[in-house]
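Opening the notebook on a new model today. I want to go through a few local features one by one and jot down what I find.

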Amino acid sequence: MRPGSVRATLVPALALFLATACSEGPATRLEDYLARVARPLGEEPPALAATVVPRVPRAEAMQITIEADGIDGLDFLKLRGCAVQTTIARRNSSLGRMAPPSQRLLLELAYLRDAPPCVRKLREESNEELADLLENSYASKKEQLPALIFNATLGSREFRDFWRSPGTLGNYPAETSSAPITALERINALVGQWLSGDYTADESVFELTLSEVANGDGGELLEALTLQREALDQASSMALKETMEGPLCDEGLIPASAPILRTVATTYFIGRIQPWSAQLSQRYHTLLAPIEALERRVQPALPPAYERWRLQRDASLAQGLAAPREHVRSLQTLLGSCYAEFAPAKDDS
């Protein structure tokens, strides 16, 4: 379908059905569309099956083991006069050893921040052995930083909650918030700062930001795009099955089903489904951009379990995003012999 003809049809359809579309959930609109496509084709309306989406692994199953180093067994009293002494004491305490990933990251950032001044002090005091130990530990923690960041962010319970499937989609994504996007962008900026060597961190801000991510709608997005794919694939299958039996309109003859299908396509697909699809696409790009940027930053540390799930997630999202375009092609194939506005655009290449 040529873009111009789609827009020309979309405007009046939107004006007529916007109020109705906003009052119904996406599953209701898709079921109604499937029934309207099936009826003139003489098919039984297919039932929407429960969506099956890729499930993110448990946070505990994705956590990367952080190897201990020589500083963990150090008598921190030997570091009297260094700010890092307090950090090491907190790390070695029972609370420090049992700290959740976010707190462990913050402790290691404090260590990376406080260790270099202490190394300089120890060398000035000719305590080379202790300075070397502290310096080697510092280098080790820098290497572990991407893994520590993964554990506290992408591999955390908060990010798993972000991808948790909802009980219902409601009117998603009509009433979504910008808070999770802002939180994801803030975390991505912090990670960039830490990986570039600036280890400053505000504990309360970081924890609050993680909680905002946990309340995000990644699960709703994944489920909505999966629902879209499954429903539109069913509609496309009905259209293509009819096409396989020969042109719908042949030698100028237009069957009674053709104008009905034309109305269904313009009024119910273009007028009611496509606006929702456009909202989903926009939400996808705003939500996924900071997540993908964060994944690129810590790419070397991503564990196999997360990589497998990410591939499944991305494939499912891509299929959901492509479903409306694929369905338009099936409508063009079915109705193109009947109406000029549904004729496939010519390839000028």
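Is Trp 163 buried or exposed? I looked it up: Trp 163 has a relative accessible area of 7%, so I put it down as buried. A reminder to myself before going on: this is a predicted model.

**Entry: aromatics**

I stayed with Trp 163 and checked its ring partners. Trp 163 pairs with Phe 162 edge-to-face, with 5.0 Å centre to centre and 90° between the planes. Phe 162 comes out at a relative accessible area of 0%, so it is buried. Both belong to one aromatic cluster, which also takes in Phe 150, Tyr 306 and Trp 309. For the whole structure I get six aromatic pairs.

Then I looked for charges over rings. Arg 91 has its charged end over the ring of Tyr 111, 5.0 Å from the centre. Arg 262 lies over the face of Tyr 339, and there the distance to the ring centre is 4.2 Å.

**Entry: disulfides**

How many disulfides are there? I count two. With bonded cysteines counted along the chain, the pattern is 1-2, 3-4.

I took Cys 82 and Cys 118 to begin with. Their sulfur atoms are 2.2 Å apart, and the link is right-handed, with 85° about the S-S bond. Cys 82 sits in the loop between helix H3 (59-62) and helix H4 (84-92), while Cys 118 is in helix H6 (residues 101-124), so the bond ties together parts that are 36 residues apart in sequence. Both cysteines are buried.

Next came Cys 249 and Cys 338, with S to S at 1.9 Å. I noted 100° about the S-S bond, and this link is right-handed. The pair links distant parts of the chain, 89 residues apart: Cys 249 is in the loop between helix H11 (218-244) and helix H12 (257-297), and Cys 338 is in the segment after helix H13 (304-335). What about burial? The cut-off is under 20% relative accessible area. Cys 249 is at 7% relative accessibility, so it counts as buried. Cys 338 is at 14%, so it counts as buried too.

Which peptide bond did I flag as cis? The one from Tyr 172 to Pro 173, with omega near 5°. Pro 173 lies in the loop between helix H8 (157-162) and helix H9 (179-195).

Ser 126 is in the loop between H6 and helix H7 (128-152). Its relative accessible area is 60%, so I marked Ser 126 as exposed.

**Entry: helix H9**

I checked the span of H9. It has 17 residues and runs 24 Å from its first C-alpha to its last, close to the 24 Å expected at 1.5 Å a residue. Its buried residues include Pro 180, Ile 181, Leu 184, Asn 188, Gly 192 and Trp 194. What covers the buried residues of H9? I found H6, H7, H8, helix H10 (203-214) and H12 among the elements that do.

**Entry: cores**

I went on to the nonpolar cores. The largest has 80 residues, and Tyr 33, Leu 105, Leu 154, Trp 194 and Leu 221 have the most contacts inside it. H12 gives the most to this core, with 15 residues. Apart from it lies another core, of 13 residues, including Val 84, Ile 88, Tyr 111 and Leu 122.

Leaving out residues up to four places away in sequence, Trp 194 touches Leu 105, Leu 109, Leu 145, Ile 149, Tyr 199, Thr 200, Ala 201 and Phe 206.

**Entry: Met 238**

Last stop was Met 238, in helix H11. It has a relative accessible area of 8%, so I have it as buried. Which residues is Met 238 in contact with, beyond its neighbours within four places in sequence? I listed Leu 34, Val 37, Ala 38, Leu 41, Glu 43 and Pro 46. I also took one C-alpha to C-alpha distance: Met 238 and Pro 45 are 9.6 Å apart in space and 193 residues apart in sequence.

Conventions
Residues are numbered from 1 along each chain as its sequence is written. This is a predicted model: local features need pLDDT of at least 70, side-chain atom pairs count only at pLDDT 80 or more; totals for chains, interfaces and linings use all residues. Side-chain values use heavy atoms; hydrogens and water are left out. A disulfide is a pair of cysteine sulfur atoms within 2.5 Å. Helices (H or I, at least four residues) and strands (E, at least two) are DSSP runs, numbered from the N terminus. Buried means under 20% relative accessible area, exposed over 50%, partly exposed in between (1.4 Å probe, protein chains only). The expected span of a helix is 1.5 Å times one less than its number of residues. Contact means heavy atoms within 4.5 Å. A nonpolar core is a set of buried Ala, Val, Leu, Ile, Met, Phe, Trp, Tyr and Cys residues joined through side-chain atoms within 4.5 Å. Rings of Phe, Tyr and Trp (its six-membered ring) pair if their centres lie within 6.5 Å; planes under 30 degrees apart count as stacked, over 60 as edge-to-face and the rest as tilted. A charge sits over a ring if NZ of Lys or CZ of Arg is within 6 Å of the ring centre and within 35 degrees of the ring normal.
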